[in-house]
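Subject: Structure for you to look through

Dear colleague,

I am passing on the structure below, and after it you will find a written account of what turned up. Please keep the 3D view open while you read.

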Amino acid sequence: MKGSKKKNSRRKFIKNSSLAVGSFYIVPRHVLGRGYTAPSDKLNLAAIGAGGKGGSDITNSWNKGKNNVVALCDVDTNLAAGTVKKFPKAKFYKDFRVMLDKMSRRIDAVTISTPDHIHGVAAKMAIDRGMHVYVQKPLTHNIYEARQLTKAARENKVVTQMGNQGASNPEQLQMQKWMAENVIGDVSNVHCWTNRPVWPQGIPVPTEKVPLPDHLSKEDWDLYIGPAEYVDYHPLYHAFKWRGWWNFGTGALGDMGCHIIDPAFKTLKLGYPSEVQCSVSAIFKRDWSPEHIPEGCPPASTVKIRFPKNSRQNNDINLYWYDGGIKPFHPSIIPADHNIGDEDGSNGVMIEGSKGIMSCGTYGINPKVYLNTGEILEVDKTYAKDFKWKGSPEFGHQISWTEACKAGFNSPEHQALTSSFDYSGPLTETVLMGNLAIRSYSLAKMRPSGHRNYYGRKKLLWDGQAMKITNFDEANQFVSRKYRRGWELI
Ligand SMILES: NC(=O)c1ccc[n+]([C@@H]2O[C@H](COP(=O)([O-])OP(=O)(O)OC[C@H]3O[C@@H](n4cnc5c(N)ncnc54)[C@H](O)[C@@H]3O)[C@@H](O)[C@H]2O)c1
């Protein structure tokens, strides 16, 4: 299957017909009446991962019938059942490789909403076949995959969007405006935090044998594992809880980083970082001997990511990440009874500048500026007056993508997307830099004393262009992963 790159002539037709303003389609629009979408104007969509978030991703992209859902793929028929019922005409597959090959001439665009370990390989295969892709956050499981997808999307001229819907929240426009007007002055530090993990994390690897549920076959489980290292079925790995295991997920940082770091990354025009370091919590069942669980993401961590000065900034910026219930301290210029970030303060962002602090919650909601003078600026209540996707689910994040797919690569609609891979690739790389440091933190050798020597607990220096840690080669193993045989699709 690798290398098969059948391009779809339908996709070209859609693009050309929507560019040819006023010209005839197969059925001219005026013949069909107002509000009717000509069949030739509809995208043929497929979903990889139809349960969980996949259900709303494909439904929102379908856009109440403005597009067709022609195929659905999920390894778990139970989880996919609701979506299958909603789109009875869609062909159902369990193996996305078979679906993308068999239907390569029919599918225009694909939503990918599987666990993180599948994103990269599935998206690469779709992009290579000229299909537009909407990929859930984090874009990929490792940095190498994010770099590959960003490059492949450009080369294959496909329209892309990562599923961090907060990027399309119009409140973020106000944050960009404040930043462009230099309201908070020169920025030195950014603080981002989340209450995740809200699933089991930092726990021992399960050892008991659990039979596959009746509705899952061995072949289904093998497809679930995909490019990851093979492990037997366990309910701690499927569904939802896969987030806490490096084999499948990307921990608390991977889960929320692309939402919460996004407003800072975008407004500060950040690019590749130059350094990363972390500290990570441990659990103790015995005196003086922390549990050693390199397979699992830690229960809590803090990460410091440094960015060199750029076109906006004359100085380096430090971005501090906190998860697992750890939060930054309340700055003195913010009134003590203000919850910063989300309404309950559980997730949030603070961008510290020389003249004040800009804050917001998850998805960029409720942005505020606290000036050193004591003045507080809130979002202009008319901010959404002209918002194109007002009333659309998730700020129109999926619909804007389907409309951009129709308009074509590099169209104004494409350029207006808030998280196409040119942007979200580097954002994801930054998020995953934190995970690279966290995984390096677990590298250990046993000492003769029976205690472990954790030799990867360093400040790591990053060469973004070369995609390489320059001062500790062993950490470079976490830039990519070992792909299971037959799954080296990227
Ligand atoms: N943007 C958001 O607000 C948001 C919210 C939730 C989840 N997510 C993201 O969506 C993705 C899925 O998360 P979830 O919570 O829905 O997980 P989930 O485990 O609940 O659902 C994943 C679905 O993918 C299916 N699947 C697994 N492997 C597959 C494969 N190889 N081929 C086809 N289908 C496969 C599963 O059977 C399941 O139906 C993750 O990347 C997550 O980060 C985003």
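Two strands are said to pair if DSSP finds at least two bridges between them. Helices (H or I, at least four residues) and strands (E, at least two) are themselves DSSP runs, and they are numbered from the N terminus. Please bear in mind that this is a predicted model, in which local features need pLDDT of at least 70 and side-chain atom pairs count only at pLDDT 80 or more, while totals for chains, interfaces and linings use all residues. Residues are numbered from 1 along each chain as its sequence is written.

Strands

Strands of a sheet pair through backbone hydrogen bonds, either parallel or antiparallel. A parallel case is strand E1 (residues 44-48), which pairs with strand E4 (residues 109-112) over 4 bridges, and here Ile48 stands opposite Ile112. E4 also pairs in the parallel sense with strand E5 (residues 132-135), again over 4 bridges, and the bridge partner of Thr111 in E5 is Tyr134. From E4, Ala109 and Thr111 point one way whereas Val110 and Ile112 point the other way, and all are buried (a residue is buried if 20 or more other C-beta atoms lie within 10 Å of its own, exposed if 12 or fewer, and partly exposed in between, with C-beta atoms placed from the backbone).

Elsewhere there is an open sheet of 10 strands with mixed pairing, and its order is E16-E15-E14-E13-E7-E12-E11-E8-E19-E20. Its edge strands, each of which pairs on one side only, are E16 (376-378) and E20 (468-469). Within this sheet, strand E8 (residues 275-280) and strand E11 (residues 301-307) pair in the antiparallel sense over 6 bridges, with Glu275 opposite Arg306 in E11.

The ligand and its surroundings

Which residues are the closest to the ligand? They are Gly49, Gly51, Gly52, Asp76 and Ala239, out of 28 residues that surround the ligand (a residue is near a molecule or strand if its C-beta atom, placed from the backbone, lies within 6 Å of it). The shell has 12 nonpolar, 10 polar and 6 charged residues, where Ala, Val, Leu, Ile, Met, Phe, Trp, Tyr, Cys and Pro count as nonpolar, Asp, Glu, Lys and Arg as charged, and the others, Gly among them, as polar. Helices H3 (53-62), H4 (77-86), H6 (116-128) and H9 (218-225) each supply at least two residues of that shell.

Helices

Two packed helices are described by the angle between their axes and the distance between the axes. The axes are lines fitted to C-alpha atoms, for helices over the stretch in contact, and the angles run from 0 to 180 degrees between N-to-C directions. The axes of H3 and H4 come within 9 Å and cross at roughly 20 degrees, which means that H3 is roughly parallel to H4 (angles under 35 degrees count as roughly parallel, over 145 as roughly antiparallel, 65 to 115 as roughly perpendicular and the rest as oblique). The axes of helix H10 (residues 251-260) and helix H14 (residues 421-441) also come within 9 Å, but they cross at roughly 160 degrees, so H10 is roughly antiparallel to H14.

In H9, Leu223, Tyr224 and Ile225 are buried, and the helix is followed by Gly226, whose phi is positive, near 50 degrees. Glu403, found in helix H12 (residues 397-407), is buried because 23 other C-beta atoms lie within 10 Å.

Backbone details to check

Most residues other than glycine have a negative phi, and most peptide bonds are trans. The bond from Arg196 to Pro197 is cis, with omega near 5 degrees, and Pro197 has its place in the loop between strand E7 (187-193) and H9. A cis peptide bond also joins His238 and Ala239, with omega about 0 degrees, and Ala239 is found in the loop between H9 and H10.

Trp288 has a positive phi, near 65 degrees, although it is a residue other than glycine, and it lies in the loop between strand E9 (284-286) and strand E10 (289-290). Trp288 counts as exposed because it has 6 other C-beta atoms within 10 Å. Met467, which is not a glycine, has a positive phi of about 55 degrees and is found in the loop between strand E19 (460-463) and E20. Met467 is partly exposed because it has 16 C-beta neighbours inside 10 Å.
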